[in-house]
Amino acid sequence: MRRVKAARPARPLAVPTAVITGALLLTGCGSDADGPAELSVRAAYIPQPVSDTMAAGFLTIVNEGGTKDELTSVTSTAADSVTLHETVGSSMEEVTSLDVPAHGQLVFKSGGNHLMFEKLKSKPVRGGTVTVELHFATSDPLEVEIPVKSATYNPQTGQ
Amino acid sequence: MRKKTFAVAALLAAATLTLSACGGGDSGSSPVAVVSEDGKQQAATVLDQPFTKPDLVLTDTRGKSYDLRKETAGHPTLIYFGYTNCPDVCPLTMNNIAVAKKQLPQAEQDDLRVVFVTTDPDRDTPAALGTWLKGIDPQVVGLTGKFATIQAAARTLGISVEAPHKDKNGKIVSTHGTQVVAFSPKTDGGYLIYGEDATVDDYTKDLPKILKGANP
């Protein structure tokens, strides 16, 4: 009995700590329930292509804001044409825009959505980068330097 | 004891808040997380009822007639249906196999037959296939011919491909197979299937077994 009593003071201390941590993270992430879209890009890569005219690109666009946005186009000084593609079954369809949901993300990954670079000015080589500009319906454009990885790069293993 | 329980509870509470604070957790739009939970052990599906090797005669990258059954009889063989104007899955699949193959002793590399059959024969001429495959592995056999012949052969392996067609912008839309079929050198039967998510490591681990017609 005495032991239990001795331990009690820990309880009022532990709970407020947790609450404070959570509160700090809430403001830290800036995920205002109805705020504007807050976009950032992560996990971008281009597998070194086989052909010197065509390549695929992958990335994740994260929206920490409370409003959805739309990726409407992608441009690059490295290619005359960059288009958005969705994989439907085992063929690919070009789309004119893709949603970046509120508090969500738009994922481009192998076997799913991808950026398709055509009419490349030079073949992207592993170790290099390709600069693209992402254009959105409402947010400002984002410039991303996409690293070129090996032809067999797997983002799950990082190799 | 009590003290410990409280500490754990506090940690859990903090973790929960962290998750909800950063959003995204409730959007259900994070397939990456699902994939990582797969805990995949084995890339290959071993078939109880192996596929018969298709009776397929097409044109290779040198413009010569290639009889699949005759040329690959008694050799471990991997067959994939794809096309060269495919930026994502087709080159990834072929490169995964090529990188794994290069880790085999030379004699085994020479024994292995890797066959890439185009699903877009109008654009994938012998020359176009040859150029593309040279960028992956010059030992890969590239085959082209009549689409109907290719489609029928794919169908016997449970692989469905559609004829290339133009989309509303006039761009050609082609389809690729979603599987690689491995044939045993002992029986010439197609006894293993690999999906699109098979990695270099999967093929590296399995190829020595396939060379012997063994199950991975």
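**Exercise 1.** How many helices and strands make up the secondary structure of chain B?

*Solution.* Bear in mind that we're working with a predicted model. Going through chain B gives 8 helices and 10 strands. Next, look at burial: of the 216 residues in chain B, 39% are buried. Then turn to contacts with a separation of 6 or more: in chain B, 71% of these are between residues 24 or more positions apart.

**Exercise 2.** Take helix 4 of chain B, work out its span, and find what covers its buried residues.

*Solution.* Start with the length. Helix 4 runs over residues 89-101, which is 13 residues. From first C-alpha to last it reaches 18 Å, close to the 18 Å expected at 1.5 Å a residue.

Now check burial. Helix 4 is mostly covered, with 11 of its 13 residues buried. Among them are B:Val89, B:Leu92, B:Met94, B:Ile97 and B:Ala100, and B:Asn95 and B:Asn96 are on the buried list too.

Finally, look for the cover. Chain A contributes strand 1 (39-47). From chain B itself, the cover includes strand 4 (77-82), strand 5 (113-118), strand 9 (180-183) and helix 8 (200-211).

**Exercise 3.** Is B:Thr187 buried or exposed, and why?

*Solution.* Then count neighbours. B:Thr187 has 12 other C-beta atoms within 10 Å, so it's exposed; the cut-off for that class is 12 or fewer.

Last, see what it meets. Leaving out residues up to four places away in sequence, B:Thr187 touches B:Pro50 and B:Gly213. Its C-alpha is also 7.5 Å from that of B:Gly74, 113 residues apart along the chain.

Conventions. Residues are numbered from 1 along each chain as its sequence is written. Chains are lettered from A and ligands numbered from 1 in the order in which they are written. This is a predicted model: local features need pLDDT of at least 70, side-chain atom pairs count only at pLDDT 80 or more; totals for chains, interfaces and linings use all residues. Helices (H or I, at least four residues) and strands (E, at least two) are DSSP runs, numbered from the N terminus. A residue is buried if 20 or more other C-beta atoms lie within 10 Å of its own, exposed if 12 or fewer, and partly exposed in between; C-beta atoms are placed from the backbone. Two residues are in contact if their C-beta atoms, placed from the backbone, lie within 7 Å. The expected span of a helix is 1.5 Å times one less than its number of residues.
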